[in-house]
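Let's take a friendly walk through a structure together. Have the sequence and the 3D view ready, and try to find each spot as we come to it.

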Amino acid sequence: MAKVALIEAVNMALHHEMARDENVVCLGEDIGTNGGVFRATVGLKEEFGFKRVMDTPLAEGLIGGLTVGMASQGLRPVAEFQFQGFIFPAMEQIICQAARMRNRTRGRITLPLVYRAPFGGGIHAPEHHSESVEAIFAHVPGLRVVIPSSPARAYGLLLAAIRSNDPVLFFEPKRIYRTVKHEVEDNGQALPLDVAFILREGTDITLVSWGASVNETLIAADRLAEQGIKAEVIDLATIKPLDIDTILNSVRKTGRLCIVHEACRSFGVGAEIAAQVAEKALWDLKAPIGRVGGFDTTMPYYKNENYYMIQPEDIIEGVQKVMECSA
Amino acid sequence: MTFTSKSTITQLQYLDEEGNVVQPLPAWADNLDLLVEFYRHMVLVRTYDKKAIALQRTGQMGTYPSHLGAEAIGIGVGAAMDVEDVYVPYYRDMPTMYMRGATMVHNMLYWGGTEQGSYFHRPDGKLSEDFPICVPIATQCTHATGVASAFKLRGEKRVAVTAIGDGGTSKGDFLEAINCAGAWQLPCIFVINNNQWAISVPRAIQCGAPTLAQKAIGAGIPGVQVDGNDIIAVYDAMLTALNRARAGKGATLIEAVSYRLSDHTTADDATRYRGSEEVNAAWKREPVKRLRNYLHNAGVWNEDKEQALQAECNAKVEEAVQQYLNHPKEPPESMMDHHFEQLVEPLASQREELIKKAMRMEGGQSHG
Ligand SMILES: Cc1ncc(C[n+]2csc(CCOP(=O)(O)OP(=O)(O)O)c2C)c(N)n1
């Protein structure tokens, strides 16, 4: 079995689905001849031709609307936004059209489309190349939001996203695009689009994270174990719909919850998880819920970026705070 | 047949590839000192460009977009503007910004990863009203339209000038901006740096029209194409457009045709998508050599002057690099300080948190 990095798993899934289903098309800026600025679409144009692998004009609003039209015709467009920070011109199409079409037409027109975008900081990129704005999309009714954090989950979740008949935002944590390689079988097996993954079992505290921060969360869990704190680590993976049951079951066991995310702390996905746990499992909690998130600032340019990024130590401190106020 | 509208686009050129004059020069070009000054600036920004790439390659600066091949456009546009005008740049605009007071040091600070690069002054010492480097493509165009409408509202004789790449003209913002500038007759100039490539996407599949200048027709403003490797053409087109704007006659679109001689940025490898024949051919048309040849032929430039200039530019760039490398770093908590007029919650508490985190990261305290 081939060992692949996350970005290669994305490429493998795109190849697989384009071969399996002739309705799948890929489009975006620099995705054809160049194979994408991160190489996610390498080889697709050669294999499937420019009719199905389209370099679009430089216009994200166009990409947003084109895909809506294509999908209404039964195509399954997978559009790449070069960076999440450049998806904003398409917001009108995504929020006012893609998210609503099924509801507006009472199911007459459905939009099986995927919007892919690399996201997150930590690679010393220029301005606007490091955002984590998943919360903006999760807030909008009618959109699915998916974030893989390993090559295997990238492969399985992207297959699922393409096969889904709903619009899916598929955000790829670019910081870990190439950091690890795992064995991933190109077997066409999709993962469920609404199930979180328990990556490590534990009894003292539940840590929930997603994207590249899963990495630091696992490192923190290792170090906490040395201090005798057994953390359970959940990779949320599907931000929306949110698999609250997996989180609740874990919290009922551990009695404590700490949420870790790179995005700004306020008004984010962490807040939603905390609210749902408070609503549904308050009496199972032994301590207030902890949140370790990015600062409420614009991502600083790279000289100060490291200070923004969440480190294992931040998570350990956050966990220690929760443990200290335990009853 | 009746024509309700008829338009043609012609390309303005004074110097051919070899620097030979192809049509009578405009009167201002009699001033050879001015042309020598242009040349000196062009050589400086080219010297800087090479150094900036080297800094990136050696880990002393981040991703950097080269302006190799765009020197005539940047210096021509910047030189033509008045200090009171406002420039609204895009990211490949170091030459114009440098002419307007944003120094090489500012450019290095910006691409070197600190917001300090966007705090700059005009050449006359006043705090600049020019916009900072703009990365989200085409968004700057509507800002220029807005700046111009403020000028018009206040009855000022100032002009807003902006620039954009050929790829960027596919975006709605660009078309919306020129449309509004046409409808409102705004003192605004849009300069397209048509360097033939938008990363890997060639001009031909970006837009079906034979010129980008003709996008102006739909906006009801003059659209002119100039040879962007010929600074006399660029500067002259700018003077015409600026005079028109100051006379209250409205906006102009200038398409400057050049070639991106470099990779898109230091993160790009152009050999993946374009052949060397095309690049070699473009080197024959490049702007710096062209002006040098003209100045030589006019008898105001020679090999000694050239060598002295190269040495001078190297020294200036080296001095700027040292200033950049020794520039005091902003403390991490500066990331909190400029979001609002006052420091509000939760930023105020997070600021304290960040100061502790920075101490920890610098080894003050350890965990885990
Ligand atoms: C809205 C937006 N989308 C995508 C990008 C990524 N991007 C940066 S430069 C570029 C190509 C721009 O080409 P062009 O407009 O021709 O200008 P050039 O860089 O060649 O000067 C792209 C796609 C961006 N910066 N902003």
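This report visits the ligand, the interface, a few backbone details and the salt bridges.

## Before we start

Please keep in mind that what you are looking at is a predicted model. The values below are computed from that model.

## Around the ligand

Where does the ligand lie? You will find it between chains A and B. There are 21 residues around the ligand, and those that come nearest are Glu60(A), Tyr90(B), Tyr91(B), Arg92(B) and Trp197(B). Sorted by class, this shell consists of 10 nonpolar, six polar and five charged residues.

Now zoom in on some single atoms. From chain A, Gln82(A) places a polar side-chain atom 3.4 Å from a ligand nitrogen atom. With Gly167(B) the backbone takes part: one of its N or O atoms lies 2.8 Å from an oxygen atom of the ligand. How much of the ligand's accessible area does the protein cover? On its own the ligand has 580 Å² of accessible area, and the protein covers 97% of that.

## Where the two chains meet

The size of an interface is often given as the accessible area lost when the parts come together. For chain B and chain A, the area buried between them is about 3,700 Å², with 57% of it on carbon and sulfur atoms. The contact involves 47 residues from chain B and 41 residues from chain A.

Which kinds of pairs cross this interface? There are 22 residue pairs in polar contact across it (both at pLDDT 80 or more), and four salt bridges are found there too.

Next, turn to the side of chain B that touches chain A. Helices H4 (104–111), H7 (203–206), H13 (334–337) and H14 (347–361) of chain B each supply at least two residues to it. The largest share, eight residues, comes from H14(B). By class, the residues on this side of chain B are 22 nonpolar, 16 polar and nine charged.

## Backbone details to look for

Most residues other than glycine have a negative phi, and most peptide bonds are trans.

In chain A, the peptide bond from Lys240(A) to Pro241(A) is cis, with omega near 0°. Pro241(A) sits in the loop between strand S12 (238–240) and helix H9 (244–254) of chain A. In chain B, Glu345(B) and Pro346(B) are joined by a cis peptide bond with omega about 0°, and Pro346(B) belongs to the loop between H13 and H14 of chain B.

Look for His124(A) in the loop between strand S5 (114–119) and helix H6 (134–138) of chain A.

## Salt bridges

Side chains of opposite charge can pair when their charged atoms come close. How many salt bridges does the structure hold over all chains? The total is 37.

One salt bridge within chain B links Asp130(B) and Arg100(B), with the closest N and O atoms 2.8 Å apart. Asp130(B) is in the loop between H4 and helix H5 (139–154) of chain B, while Arg100(B) is in the loop between helix H3 (94–99) and H4 of chain B, so this pair ties together parts that are 30 residues apart in sequence.

Methods
Residues numbered from 1 in each chain as written. Chains lettered and ligands numbered in written order. Predicted model: local features only at pLDDT ≥ 70, side-chain atom pairs only at ≥ 80, totals over all residues. Heavy atoms only, no water. Near = heavy atom within 4 Å. Polar contact = N/O pair within 3.5 Å; in protein donor to acceptor, adjacent residues only side chain to side chain. Areas by Shrake-Rupley, 256 points an atom, 1.4 Å probe, with all protein chains shown as cover. Nonpolar A, V, L, I, M, F, W, Y, C, P; charged D, E, K, R; others polar. Contact = heavy atoms within 4.5 Å. Buried area = accessible area lost by both parts, 1.4 Å probe. Salt bridge = Lys/Arg side-chain N within 4 Å of Asp/Glu carboxyl O. Helix = DSSP H or I, 4+ residues; strand = E, 2+ residues; numbered from the N terminus.
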